[in-house]
Amino acid sequence: MDSSSSARAPNGSESLEKAQGEEDQFSTTWTIALAVLMALLIVAIVVGNALVMLAFVVDSSLRTQNNYFLLNLAISDFLVGAFCIPLYIPYVLTGRWAFGKSFCKLWLVMDYLLCTTSVFNIVLISYDRFLSVTRAVSYRAQQGDTKRAVFKMAMVWVLAFLLYGPAIISWEYISGRSIIPDGECYAEFFYNWYFLIMASTIEFFTPFISVMFFNLSIYLNIQKRTKIRLEASFWLLWVNSAINPVLYPLCHYSFRRAFVKLLCPKKLKIQPHNSLQKYWKFC
């Protein structure tokens, strides 16, 4: 009994060590894969949005009101890829925030600000397209008004900051203590459901409903215009069918002669072209 149990003990420890080794190998593989994916995401975000910004700089024809809003979206998305995600990679891979509490707050403010700005920019772009379709005349008249566009862009950033920025900065001072342990980095209101529901409504649900409304209105307006144009096209085709028989004799000598022959057969004689015009006139 003793010899057999002592023989089995090494086998059990070997199995445990083997399982732990496989788990460590899986963890390492997953960490590398996640790091590669996030690096590719950063490259895609930075390069793509940098191209949009450079195109806006080198081509002055792109500097219209609607494209200013696209530029604003590109700036916010570019900063997400250039600042927010690179700082999040070591945090998510190691499970520990290593940059200090003050920098944590700065990162949180920027992360919430940039992500919310992207959402608000999408709403602004949808609203601008809604105006371009439903109020085309007044919209075209305002295309050269860059001050109005810049004001709307600035308001997007201000409103996005006011939604989360003051709460991130001052929550621990209002509540009297900080709930974030050392080595962690998340907002103080992370477990406050009342604030999260209110902020989520403003940041997600309201923009989602707004974009849906604007796009649906654009679709219905285009459908209505298409229907009106189709009806007008049919009327023009029908009127054209009535006008064509009159245009043929007026524009073509052979048709004029044939019409005179049909309408005034007794007065048609072999005569010069000018005489035929007289027959057509007095018939």
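Which residue does a disulfide join to Cys104? In this predicted model, where local features need pLDDT of at least 70 and side-chain atom pairs count only at pLDDT 80 or more, totals for chains, interfaces and linings use all residues. Residues are numbered from 1 along each chain as its sequence is written, and side-chain values use heavy atoms, with hydrogens and water left out.

The partner is Cys185, with an S to S distance of 2.0 Å, and the structure holds 1 disulfide (a pair of cysteine sulfur atoms within 2.5 Å). The torsion about the S-S bond of Cys104 and Cys185 is about 105°, so the disulfide is right-handed. Because Cys104 lies in helix α3 (residues 101-134) and Cys185 in the loop between α5 and α6 (193-251), the pair ties together parts that are 81 residues apart in sequence. Cys104 is buried, with a relative accessible area of 5%, and Cys185 is likewise buried, at 4%; here buried means under 20% relative accessible area, exposed over 50%, and partly exposed in between, computed with a 1.4 Å probe and protein chains only. Cys84, by contrast, is in no disulfide, and the nearest cysteine sulfur, that of Cys115, is 6.1 Å away, which is too far for a bond. Cys84 counts as buried at 2% relative accessibility, whereas Cys115 counts as partly exposed at 34%.

As to overall architecture, the protein has 8 helices and 0 strands, where helices (H or I, at least four residues) and strands (E, at least two) are DSSP runs numbered from the N terminus. Buried residues make up 28% of the 283 residues in the protein. Among contacts (heavy atoms within 4.5 Å) between residues at least 6 apart in sequence, 68% join residues at least 24 apart. The accessible surface comes to about 19200 Å², of which 68% belongs to carbon and sulfur atoms; accessible areas come from the Shrake-Rupley method with a 1.4 Å probe, and for residues only the protein chains shown count as cover.

A nonpolar core is defined as a set of buried Ala, Val, Leu, Ile, Met, Phe, Trp, Tyr and Cys residues joined through side-chain atoms within 4.5 Å. The largest such core has 39 residues, and those with the most contacts inside it are Ile85, Trp97, Trp107, Tyr164, Cys185 and Phe189. The elements that give two or more residues to this core are α1 (2-58), α2 (65-94), α3, α5 and α6, with α2 giving the most, 11 residues. Leaving aside its neighbours within four places in sequence, Phe189 is in contact with Tyr112, Tyr164, Ala167, Ile168, Trp171, Phe195 and Leu196.

Phe161 is found in helix α5 (residues 146-175) and is partly exposed, with a relative accessible area of 32%. Met155 lies in helix α5 and is partly exposed, with a relative accessible area of 32%. Met155 and Thr117 are 38 residues apart in sequence and 9.8 Å apart in space, C-alpha to C-alpha.
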